[in-house]
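Here are some friendly notes to read alongside the model. Please keep the 3D view open as you go through the points.

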Amino acid sequence: TWTDIANIPGSWPHSFYVSPNDTNIWVAAVVNSTDEVIKSTNYGATWTTSIAKNFSNYGQPLEMDQNDPSIFYFAPDGGGFYQSTDNGSTFSLISNYAFRSPCDLLVEYDNSSVIFVADGVTGNGQAEIFKSSNGGVNWTLSLTAGASEVPSMCNTKFDNSVIYSTEWSGQKLYKSTNGGDNFFTLIP
């Protein structure tokens, strides 16, 4: 069963994280008049805005670093890549890369320097996956998908060379076996 314990301000939460180090700390990306990343330090009783930038209505523009849960990354629409090193309280611009509309972010297990951004505009063109090997400062193209979005990416802590991604509205599943340098179609 589920119990209502708090309300997240805004219309729709897109990403939501509870700190594994302190379960009082919650961080979320929410749709609002200007979309924002918000944070609670008291189990959702009150919230403060950390950064306000519009993001995709269909994506998850916020990611917790699975290697260090005090670090978050945020990629809004129209470019820019931001990092928080204080549990989502503040964000600093670390790259002005011209992303269109990021759908998903992924930090590699055991190597926080390797980050991926899935970028695409719903129903417009082809989605792309970009890879950074220096913590989000510089980016290279790893995949151009057959559809307009890459809504989900995942990797495994057992083998950093393996990464999977999906596409929307297509039906392809992509896989990389070389750490995301490039991808091939797993399911055509």
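How many salt bridges does the structure hold? Let us work towards the count point by point.

1. First, some ground rules. This is a predicted model, in which local features need pLDDT of at least 70 and side-chain atom pairs count only at pLDDT 80 or more, while totals for chains, interfaces and linings use all residues. Residues are numbered from 1 along each chain as its sequence is written, and side-chain values use heavy atoms, leaving out hydrogens and water.

2. Now the answer: the structure holds 3 salt bridges. The term means a side-chain nitrogen of Lys or Arg within 4 Å of a carboxyl oxygen of Asp or Glu.

3. Take Arg-100 and Asp-119, whose side chains meet in a salt bridge at 3.7 Å, N to O. Arg-100 sits in the loop between β8 (92-95) and β9 (102-107), and Asp-119 in strand β10 (residues 115-121). Strands here are DSSP runs of E, at least two residues, numbered from the N terminus.

4. Arg-100 also forms a salt bridge with Glu-128, with the closest N and O atoms 3.9 Å apart. Glu-128 lies in strand β11 (residues 124-132), so this pair ties together parts 28 residues apart in sequence.

5. Lys-131 and Asp-181 pair at 2.7 Å, N to O. Lys-131 is buried, with a relative accessible area of 10%, whereas Asp-181 is partly exposed at 47%. Buried means under 20% relative accessible area, exposed over 50%, and partly exposed in between (1.4 Å probe, protein chains only).

Technical notes:
Helices (H or I, at least four residues) and strands (E, at least two) are DSSP runs, numbered from the N terminus.
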